[in-house]
Amino acid sequence: MKRKPCALLLALFLLTVSVSAETAGSADDPLISQSYISDTFLPQVKQSLAQITADAAPAETVLSLSAGESVALTEGQSFTLLSGTARLSADAGVVINITTGSVAENGSAAAYSRYIVCEDSHAYLDATSEQVLIKVSAAAELGEGCPFADVGRESWYFTSVFSAYQQGLIDGVSATMYAPTGSLTVAQCIKLAACLHQLWNDGAVTLEGSISGNWYDSYVSYALKNGILDAVPEDCDSAIDRTGFVAIFYRALPERAYTKLNQIADGAIPDVNPDDANAAEIYTFYRAGILTGYTGDAAYAEHAFGGSSQISRAEVAAILNRMTDETARVAFTLG
């Protein structure tokens, strides 16, 4: 294909020279006028070259994305970020930044750089601002994604945060930030438990924060009405520890939701005795595969609960996911 345009241009050059050198009507005159070359033949050559170029290059389109929308890309597809912010995550293979000539790392995509997905590779571009414009291969698939710039698809908690976000159970600390390593307050725990209870019973979350007074008053009222709380906590703005979290979350779902999955002997959890406060709820969560405790952490015994330590927002998302989806629960034996 590459030789055809060159041959056409060479033929055109020789033809032009021939026409200008020979006298019209002579035996060597090909009887093609200069006007035919300039007005008909040359435009046809240009059109042919343009078509060859178009056939060789993949078709592209400009998409407008909102936070929480995503584009899936496979090998050979490309994109350029025109405006806004977006997170690039390669879950298989390699993505190349053609503009800089380097391998693209997972993280924020650079504006105006052209990226291409390599052979046997797959990647996602997740919009992390309210308005994002990208020029992308026409075959790229548009779908839902996570709007939080600090929750990459490569992180262990991505699926949990994404699932809880889709179900309306969680919000970020802002529209585009989740703060996965941040702690949880008592009020935030009550809100999540109330939303979880409503999702289980009504199939959707419609609860909203209070307009007047404390933002969490409406959630506390719901929790009191539905047996999640017996009384209003003294300090709703304080950080909640793991024991307090389980005590509230356990009452968000009925007992039938905690189907036994694991063999966890009484007293097997290293730091939870069966007669400790809230031990029954903690053991139920372990046996249902909702909690696994600390694993691979030198500061704790294997599967220790760590009841007095704070729980991270990433861990909360994982627990929410396991409570709403039994297939996400973790099977293991302890004791």
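**Figure 1. Packing around helix H7 in a predicted model.** The buried residues of H7 pack against helix H6 (242–250) and helix H8 (313–324). H7 itself covers residues 279–287. Its buried positions are Ala 279, Glu 281, Ile 282, Tyr 283, Phe 285 and Tyr 286. Buried means under 20% relative accessible area, exposed over 50%, and partly exposed in between, with a 1.4 Å probe and protein chains only. Just after H7, Gly 289 adopts a positive phi of about 80°. Helices (H or I, at least four residues) and strands (E, at least two) are DSSP runs, numbered from the N terminus. The model is predicted: local features need pLDDT of at least 70, side-chain atom pairs count only at pLDDT 80 or more, and totals for chains, interfaces and linings use all residues. Residues are numbered from 1 along each chain as its sequence is written, and side-chain values use heavy atoms, with hydrogens and water left out.

**Figure 2. The largest pocket.** Its volume is about 320 Å³. Of the 16 lining residues, Arg 242, Thr 292, Gly 293, Glu 315 and Arg 322 are the closest to the pocket centre. H8 gives the largest share of this lining, four residues. By class, the lining holds nine nonpolar, three polar and four charged residues. Ala, Val, Leu, Ile, Met, Phe, Trp, Tyr, Cys and Pro count as nonpolar; Asp, Glu, Lys and Arg as charged; the others, Gly among them, as polar. On a 1 Å grid over the protein atoms alone, a pocket is an open set of points with protein on both sides within 12 Å along at least five of seven lines, and lining residues have an atom within 4 Å of a point. Grid points are joined across faces, edges and corners; a volume is the space filled by probe spheres set on the points.

**Figure 3. The second largest pocket.** This pocket has a volume of about 180 Å³. Its lining includes Ile 170, Asp 171, Tyr 178, Trp 215, Arg 313 and Val 316. Helix H4 (186–202) and H8 are the elements that give two or more residues to this lining. H4 supplies the largest share, three residues. The classes are seven nonpolar, two polar and three charged.

**Figure 4. The whole chain, for context.** The protein chain has eight helices and eleven strands. Of its 335 residues, 41% are buried. The chain exposes about 17400 Å², and carbon and sulfur atoms supply 52% of that area. Accessible areas come from the Shrake-Rupley method with a 1.4 Å probe; for residues, only the protein chains shown count as cover.

Methods
Contact = heavy atoms within 4.5 Å. 1 Å grid on protein atoms, 1.4 Å probe; cavity = no way out; pocket = protein on both sides within 12 Å on 5 of 7 lines; lining within 4 Å.
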